[in-house]
Amino acid sequence: MKSKSLLLSVAAISLSCVHWAAQAGSAVFYITEDGSVAEGVSVDVNGKRQLVDAQGFTRFELDAGSYSAELSQYGTFIGEAEFSIDSQSDTSDVFVEILGGEAIAEEVSSDTTNGVISGQLSSRETGGSVSGARVSVVGTDIGAMTNDDGSFSFELPRGEYEITIAHPSYERKTLSGVYAIPGVPVSISPEVGMSGSGVIEEVVAVGTYIPDSATSQERDSSAVLDSIGAEQMSQFGDSSAASALKRVAGVSVVGGQFAVVRGLQGRYISSTLNGGLMPSTDPMKRDVPLDLFPASVLGSISIQKSFTPNLPGDTTGGVIMMATKDLPDGPTQKISATLGMNTRTTGSDVAYYDGGSTDFLGIDDGGRDIPASILNVSEDGQTKVLYVENSDQGFCNDFGLNCVFPEKSINIAKDFDHNYKISDASARPEIGFSYLKGNLIATSYGDIGYYGAIQYKDKWTARHDAEINDFGVVGSYERTKRSIDTTGYFVVGFEDEKMVLNSKTILLRKTDNTVKVANERDDDEGIEEDRITLQWVERQFLAQHFLGEYYFDTNNWIDWRINLGQSRRDEPDRRSYAYRNDLFISSDSERRYSELVENSLDLGLDYTHEYMLNSTTLMTFKIGAMASEKDREVNLVRTEIEVIPGAGVDLTLPVEDITSDENIQSGSVRMQTKTTNTDSYTATDSINALYTSLGIDFGSIQFMGGVRSENSEQILSYPNDDESVDNVLESSNLMPMLSGTFRATEDLQFRAAISQTISRPGITERSESRQYDPETDEEIIGAPDLEISTIDNLDVRAEYYFSESESISLAWFNKLITAPIERTIPDGSGSAANGVTFRNEDSATISGLELDFSKDLISIRDVVFSSSGNISLIDAEVVLSEGSARFEGQDTRRLQGQSEVLGNFRFGLEDELSGQSLNILVNHSGDRIAAASRSSAPEFEEARTVIDLVYRWDTGDYLEVKAKLGNLTDSPVEYTRDNKITEKYFEGTNFNLSLSYEF
């Protein structure tokens, strides 16, 4: 078998040499500077100018004859190269080395000796070297494994080759147009992005110099991140930022949307996209819904858990830093298709209703718009409609009242779409497709590139066998959701030796069409209630980001950004109604029309200076400024079905019969507004900051200190309430930090950090507008007097590195929060006691341990078995204020949303030669408080373990196959109070198959 492979290799190499010789009249230039590939060099032959590629090569097709080539670097002439092409040797190899700014050229004789191709493989994220990767020559059995410092080397006959790079923890990479030149050592420096072996710990370096390995990169760090690369998200089958983040140590995801980091919910977490703060698309939450960001546009996601001055001041639990994809390395074009099913949902009969003709696009066709006829007589829905009889016309005229007479009343009611009927529909399989295209073009001025992507996904989900048993109310419900996701992304950029410029345009849309049918029974009160909700929500994020870097020299540079964004949440015609003991309850019916638009502007500028104090000590100084302003406008109109008492309407009939043309025509049924003066509001949220930091690296000891000055102002106004005054919250905060790292040995290091941060209340939490939780439909009652919380943070961490890609770490953290904001019980009685509100509690303490590891277990031939995982143990206690303690019946409890135990485990194997991989992913979240309860124990979301299985096959022939089994055990979602189940439902096991073809 080996002899056959050897014969194939010899044949392939011979054919490549014949292929080289067959292309008559060519000249290949290989250009280096100081032993490395030269940058910014162009070659001009006969008036045709070409820039050398990333490997240092450029090639010309020429007729036989003698030539003189002019060489320039960054537009400056540096020398000439003489060469010739004749009938005996139709290919000329020209080696150029730049010394002291002058090009020295040599035409290489074409002899029978082999050429040497060598290089060093590095990580795109850390800049450190990558060991244990297989570097192979396509079409042959020739290859090499990278050493501990990432180096590799092999000999090849003269010719042009394609080289592939495979590593279990990184993306597969292919290099085309690599030439072997006799007698000339060709050096290449490829980079690979993260993939494969779970979450890889990454660092923020104090300096920009590249150390010899990732181990030294981490040794020189000032802060710790957990980072996930685009290739890694692809390998694990992650569809969005939310699904990727749940594998990070100390992180859980609530409701498939919102991250909880180290026991802290969204108010203690900030999110950035391409370096800038983002507007939110959910008025109920301060944090950003992460399911809105598909993996197809994300280049990386990182969570930094310790505060540094360049981060937002409310980075207590961590900052989620998302970056969209940058320019490609070269031409790329890919089309992908996905087909999915769910063992419980797909093909089953689920609750549904007929909507608009364009629902499949996630766009309402206008059928859900509120009729203009009712807006015209109610001051745009803000006042009640004044219905009168014809006999009152004179009275209305005398007092200038905008009265509505019976005929107009009938027309108003008829203008509404009275489609309330729930029917059974067969849930369809998940379908999706995406297309991307990009290129990087080398010119004499620099590299110009572009990348674009579009994506569409249609997915049905449902809650099955859902049960409710809480406070004497027993019942069941069915909830179906059809989600339509559409994405558009385009980036164009320019890069030369001095600057980097990028323009990124982002359009993300997610539409959820939800139907919920609930049947509940209260035996103590003798009430049986059926409640139906039809909800259509469109969420959209549109952004234009301009990003740049400019290098004055190797020690001084600036980074800048101008991020424009607009988020929109449109909820047209949310219909809810109820039957109590089989009778339609008019006062419980509601048709809600709401729209939230938030415009944002985020500006940032950072200046960095590096200076070597001596041969071993590096100083890094940074100063920066940022300004962020968000302007929000919320318009909300509520209407209800008003049945005239004594009109003889049969309230046991279905609602579509109650609102029949006959009842409307007779005046027995009409539509009425029920909007309050504070339902609509405007808000401005602005933050301005100045910050500076100084880092000094002495070698075995490193220190970093800094401070951030942050001023903020939050203003809420109610344009429809004449008696209200603007609600203003202003603050000025100074937030210091200090960190240190001690490197005990080459592989062992310890670090510690202390800092002070803050937590601001969200706009909705201070708003007097009536809002409702989209999941529970509970009323959310704002607290205008909320104050800003302050937090003292302490982090300690020990790390040991087995190799460049293998490590184990143990971290301990402690946080003391003054005046923490918690979701709690409103102060009231009767109906005023329902719902939830927010309150500044006395204090809170959070401490925890995090263990994180990554290890290659065994390697057999080209198959690598590896494992990674993490476990977090967290204790969080809040001391309740007097009001909360009185309502909840206890003085202390756990923080809401915090799990005491979090764990992730991955076991994988990868065949580097065939490009196949298989990963088993286990995610565990311990129980956490879902809601506080009046005079009783809180309601808990019970612990849950989810197991996924992901297979990937990169055929190497442009085709990639991925398959994922999600929630293999179909573990139920359960909520409990006093160890009794209050709610339970199943979601089913998902199977997804996707095919990607790269042109």
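C396 and C403 are both buried, where buried denotes a relative accessible area under 20%, exposed over 50% and partly exposed in between (1.4 Å probe, protein chains only). These cysteines are joined by a disulfide with an S to S distance of 2.0 Å, a disulfide being a pair of cysteine sulfur atoms within 2.5 Å. The link of C396 and C403 is left-handed, with -95° about the S-S bond. By this criterion the count is 1 disulfide.

The model is predicted, with local features requiring pLDDT of at least 70 and side-chain atom pairs counted only at pLDDT 80 or more, whereas totals for chains, interfaces and linings use all residues. Residues are numbered from 1 along each chain as its sequence is written, and side-chain values use heavy atoms, with hydrogens and water left out.

An open sheet is formed by 4 strands in the order β13-β12-β15-β16, with antiparallel pairing. Strands are DSSP runs (E, at least two residues), numbered from the N terminus, and two strands pair if DSSP finds at least two bridges between them. The edge strands, β13 (143-145) and β16 (170-180), each pair on one side only. Strand β12 (residues 134-137) pairs with β13 in the antiparallel sense over 3 bridges, and S136 stands opposite G143 in β13.

S589 lies in the loop between β38 (583-584) and β39 (590-612) and is buried, with a relative accessible area of 1%. A polar atom of the S589 side chain lies 3.1 Å from the backbone nitrogen of I641. Not counting residues up to four places away in sequence, S589 touches S576, Y577, F584, T639, E640, I641 and K674, contact meaning heavy atoms within 4.5 Å.

Note on methods:
A polar contact is a pair of N or O atoms within 3.5 Å; within protein, one must be able to donate a hydrogen and the other to accept it, and residues adjacent in sequence count only if both atoms are side-chain atoms.
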